[in-house]
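Here is a short briefing on one protein model. Look at the structure first, then work through the points by topic.

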Amino acid sequence: MNPRAYWRFVIVIWQFFPLIIAYLRDRRRFLIFGKSRTVSSAQRRSRAKKLLNSLLTLGPTFIKLGQLLSTRPDVLPPEYIAEFSKLQDDVPAAEWAEAEQVIEAELGPVEEWFEEFDRDPISGASLGQVYRARIDGQDVAVKIRRPGIEELVEADLRVIRWSLPILMRFVEDARSFSLETLADEFEKTIHQEMDYKREGEMLRRIRGNFSDNDNVRMPRMIDSHSADRVLTMEYVEGTKINDIDELDAKHLNRSELATTLQETYLQMIVEDGVFHADPHPGNLAVADDGTLIFYDFGMSGFVDPFVQDKIIDFYTAVARQNIDAILDTLVEMGTLSPEADRDVMADVMEIAIADVRGEEVEQYRVQQIIEQVEDTIYEFPLRLPSNLALVLRVATVVEGVCVTLDPNFDFIDVATGYLGDQGYLEQGAREYVSDRAGEARSAASSSLRVPQKLESTLDRMQRNDLRVKAELTEDNEYFDRMAKRMILGMLFAAGAVSVTLLYIFETLTAVAVAAIPTAIVGALLYRSFTKSRGVNAQPQFTRQRMRERERDDEDDPDAVGLGEALGGDATPPGMLSGGEDEHADDEASTIAVEERPPEEADPDERSES
């Protein structure tokens, strides 16, 4: 039992109560009854600001939650994303007496471990705070976990878990799953960020990857003065990267700094597979000689090889201005739903790329796209797998910092240039040519095999040795309607017979008693037919359906699949991805063609043939 968690739960509900009432009124104008309300973009932005203030009031854990939510456009509308992106990890520092207790518990008396120790923190964050000290004549930065933060975080995580069932009532199934996944991801992330041993290991690893790069500097970790809740590093002084006036006063080339920052993160993500995931201006600085300095590796992550390959494919497609390839890559990464309207998404991508590159976009085209998506933007088919959340956050924040340094910065041009210099674009072109050559060889081989197989199939059809098996596949709702009609029909028929017999042999009172429920059953039966949608049967030849049919017919060795009947490797038009998406949710009838041996054919059919 954790009394603090229960009290925090009450506080959280009290903070969010006005928004809960607002969402309830969105569903029912008068809370219990009435039509749903339409919420405008301005109303969503107003609510986002109120929610942002609530997160700030609730403290460190919920500030971190807001920062994570700002990277998840698949969970929140864009107005909330814009507001939460303003969250800065800047919290008033705890009292020195409390921080000193942490150091003494982890290392020992401050005077014995440090020559000098400045009691005023140089920065304060939600989970820790940093002090400047001195060891053996060297300036160091000492990061201390905020006193008592562990108990507060655990209580807040428990509150978030308790609050999930309430939140689920206000979102549809797809986003309720995203929320539950987000809760798991947040719990894992915040525990990692409080783990200073992990931060030290990530610092050493990323620093090692840039050991031969003179344009980038990361502080060296001092193991002898580090522990579970204390992390000591060399102190590296620099100008904050967003202090434009100071950078100009030192005659530093801001355009080159932006390029270096972008290329550094491309190396981390595309080549190294491990990256610094918190590149806001407070964690980036510039030395007097123009060297880029990185601080705070508490938020860092890994990129698996599959995502690395897809990021390269994405930038390659962008460099070629191949919109179809861009959409295909987003689908493969799991970012874009396969059922998305590709025409609309293609227009959106063209506008987005032009905007990012600083190109002039015709206003009427922008308005046209807005009109297409403004009513459904929250339900837009974009989603964000957890392994891409930090990558997206990094890309977004880095772009903002680069544009601050250089308003004309074109991060797509820098990215494609970097990938070209590293040989990735050339490698992609070779793989593309190799794939097309393989397809050409396969098509040539098929052109030799198809006529023979097609002729054999036609001969079987001429001998009446083929039979067609049609299987009607409907959803459970359709069969429920059929069963309900059968039961209502039986009840109505029985009631009609009963009313007739009672009318002949009994009084009118008895007839009325039987006639009323019979009439009700008849009305229900009539209503079930008038609201019926019937059977919506459309042929659908998709790879998934064909594989299912092949698995179902494995016990029948004489079955001939439709693909084989049409010529083996020849792909029916409906098996293309576009056809699969178009009818993926339709109720459909699936047709398979099977061979029937002559000895099983009907004797009359053989005599007729």
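Two strands pair if DSSP finds at least two bridges between them. Helices (H or I, at least four residues) and strands (E, at least two) are DSSP runs, numbered from the N terminus. This is a predicted model, in which local features need pLDDT of at least 70, side-chain atom pairs count only at pLDDT 80 or more, and totals for chains, interfaces and linings use all residues. Residues are numbered from 1 along each chain as its sequence is written, and side-chain values use heavy atoms, with hydrogens and water left out.

**Strands**

- Strand β1 (residues 116-117) pairs with β3 in the antiparallel sense, over 2 bridges. F117 stands opposite A133 in β3.
- Strand β2 (residues 123-124) also runs antiparallel to β3, joined by 2 bridges. G124 has Q129 in β3 as its bridge partner. A hairpin of 3 residues joins β2 to β3.
- Strand β3 (residues 128-135) and β4 run antiparallel, and 8 bridges join them. Q129 has I144 in β4 as its bridge partner. I135 is partnered by Q138 in β4.
- The hairpin of β3 and β4 has 2 residues between the strands, and D136 there takes a positive phi near 50°.
- β4 is joined to strand β6 (residues 230-234) by 5 bridges, and the two run antiparallel. V140 has E234 in β6 as its bridge partner.
- Buried means under 20% relative accessible area, exposed means over 50%, and partly exposed lies in between (1.4 Å probe, protein chains only).
- In β4 (residues 138-145), 6 of the 8 residues are buried, so the strand is largely enclosed by the rest of the structure. In β3, 6 of the 8 residues are buried, so β3 is largely enclosed by the rest of the structure.

**Helix α11**

- Helix α11 (residues 254-272) has 19 residues. From first C-alpha to last, α11 reaches 26 Å, close to the 27 Å expected at 1.5 Å a residue. The expected span is 1.5 Å times one less than the number of residues.
- The buried residues of α11 include L257, L261, Y265 and I269.
- What caps the N-terminal end of α11? N253 does: a side-chain oxygen lies 3.1 Å from the backbone nitrogen of S255.
- Just after α11, G273 takes a positive phi of about 80°.

**Aromatic rings**

- Rings of Phe, Tyr and Trp (its six-membered ring) pair if their centres lie within 6.5 Å; planes under 30 degrees apart count as stacked, over 60 as edge-to-face and the rest as tilted.
- How many aromatic pairs does a search of the whole structure find? The search finds 8.
- Y80 and F84 form an edge-to-face pair, 6.3 Å centre to centre, with 85° between the planes. Both lie in helix α4 (residues 78-84), 4 residues apart, about one turn of the helix. An α-helix has 3.6 residues a turn, so residues three or four places apart point the same way. Y80 and F84 are both buried.
- F314 and Y315 form another edge-to-face pair, at 5.6 Å centre to centre and 75° between the planes. F314 is partly exposed, with a relative accessible area of 24%. Y315 is buried, at 10%.
- One aromatic cluster is formed by W96, F114, F117 and Y131.
- The charged end of R145 sits over the ring of Y196, 5.7 Å from its centre. This label needs NZ of Lys or CZ of Arg within 6 Å of the ring centre and within 35 degrees of the ring normal.

**Salt bridges**

- A salt bridge is a side-chain nitrogen of Lys or Arg within 4 Å of a carboxyl oxygen of Asp or Glu. By this rule there are 20 salt bridges.
- R44 and E79 meet in a salt bridge (3.1 Å, N to O). R44 lies in helix α2 (residues 41-58) and E79 in helix α4, so the pair ties together parts 35 residues apart in sequence. R44 counts as buried at 19% relative accessibility, and E79 counts as buried at 6%.
- E187 and R161 form a salt bridge, with the closest N and O atoms 3.5 Å apart. E187 lies in helix α8 (residues 173-194) and R161 in helix α7 (residues 149-168), so the pair ties together parts 26 residues apart in sequence.
- R132, R134 and D139 are linked in a network of salt bridges.

Note on methods: Polar contact = N/O pair within 3.5 Å; in protein donor to acceptor, adjacent residues only side chain to side chain.
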